[in-house]
Amino acid sequence: MLIIHMNPDTWAGLDTETQEKVMNGHDAFQAKIRATGEMEGTWALADPGASAVVSQRGGKRTVTDGPYLEAKEFLAGYYVIEADSRDRALEIAAMMPEVEFGGLGIEVREILHYAGPTA
């Protein structure tokens with residue numbers, strides 16, 4: 001899994017041209033890994049300010065506005081890829097447009113288990 005980390009302060013500090021370069025860079029990135037058959041899917045997530053945190057204690061549910069943690073960076077989205085090795089996964093991550101800018105980063109993490117919608 002290629003996890004996209006976003007720092008909103010860093011993003012806001014980038015000029016419009018650079019922001020567009022990052023956003024449009026995903027089209028080219030997706031085309032490359034689709035062509036190699038390594039792309040399984042991608043999901044972009046809403047701003048954490050639009051999230052809700054659900055907890056339940058003693059049968060009572062509590063819902064609070066997100067984000068869950070006070071942090072400088074948040075999970076912006078992710079790609080699920082199929083790579084032959086860790087080295088290849090790191091190579092693929094290095095193709096992503098975010099890797100060129102501090103405050104934006106890609107975490108590479110192996111998926112250990114998957115359970116689909118059907119048994």
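This is a predicted model: local features need pLDDT of at least 70, side-chain atom pairs count only at pLDDT 80 or more; totals for chains, interfaces and linings use all residues.
**Exercise 1. Is Gln30 buried or exposed? Name its contacts beyond four places in sequence.**

Solution. 
- Step 1. Locate the residue. Gln30 lies in helix 2.
- Step 2. Use its accessibility. Gln30 has 15% relative accessibility, so it counts as buried. The cut-off for buried is under 20%.
- Step 3. Read off the partners. With neighbours within four places in sequence left aside, Gln30 is in contact with Met39, Thr42 and Tyr79.

**Exercise 2. Glu98 has no salt bridge. Which side chain makes a polar contact with the side chain of Glu98?**

Solution. 
- Step 1. Locate the residue. Glu98 sits in the loop between helix 3 and strand 6 (104-108).
- Step 2. Check its surroundings. Glu98 is buried. Not counting residues up to four places away in sequence, Glu98 touches Ile4, Val22, His26, Leu104 and Ile106.
- Step 3. Look for an opposite charge. The nearest such side chain, Lys21, is 12 Å away. A salt bridge needs the charged atoms within 4 Å.
- Step 4. Find the polar partner. The side chain of His26 makes a polar contact with that of Glu98, at 2.7 Å.

**Exercise 3. How many salt bridges does a search of the whole structure find? Trace the network that holds Arg88.**

Solution. 
- Step 1. Give the count. The search finds four.
- Step 2. Start with Glu38. The side chains of Glu38 and Arg88 meet in a salt bridge, 2.8 Å from N to O.
- Step 3. See what this pair joins. Glu38 is in the loop between helix 2 and strand 2 (39-44), while Arg88 is in helix 3. The two are 50 residues apart, and the pair links distant parts of the chain. Both residues are buried.
- Step 4. Arg88 and Glu91 are three residues apart in helix 3, so about one helical turn separates them.
- Step 5. Note the cover of Glu91. Its relative accessible area is 48%, so Glu91 is partly exposed.
- Step 6. Join the pieces. Glu38, Arg88 and Glu91 are linked in a network of salt bridges.

**Exercise 4. Describe the salt bridge of Glu107 and the exposure of its two residues.**

Solution. 
- Step 1. Name the partner. Glu107 forms a salt bridge with Arg109, and the closest N and O atoms are 2.5 Å apart.
- Step 2. Judge Glu107. Its relative accessibility is 25%, so Glu107 counts as partly exposed.
- Step 3. Judge Arg109. Its value is 48%, so Arg109 counts as partly exposed.

**Exercise 5. In which sense do strand 3 and strand 4 pair? Describe their hairpin.**

Solution. 
- Step 1. Strand 3 (residues 52-57) and strand 4 pair in the antiparallel sense, over six bridges.
- Step 2. Take one example. Val53 has Thr64 in strand 4 as its bridge partner.
- Step 3. Inspect the turn. Two residues lie between the strands, and Gly58 takes a positive phi near 60°.
- Step 4. Check the cover of strand 4 (residues 60-65). The count of buried residues among its six is zero.

Definitions and conventions
Residues are numbered from 1 along each chain as its sequence is written. Side-chain values use heavy atoms; hydrogens and water are left out. Buried means under 20% relative accessible area, exposed over 50%, partly exposed in between (1.4 Å probe, protein chains only). Helices (H or I, at least four residues) and strands (E, at least two) are DSSP runs, numbered from the N terminus. Two strands pair if DSSP finds at least two bridges between them. Lys and Arg count as positive and Asp and Glu as negative; His and the chain ends are not counted. A polar contact is a pair of N or O atoms within 3.5 Å; within protein, one must be able to donate a hydrogen and the other to accept it, and residues adjacent in sequence count only if both atoms are side-chain atoms. Contact means heavy atoms within 4.5 Å.
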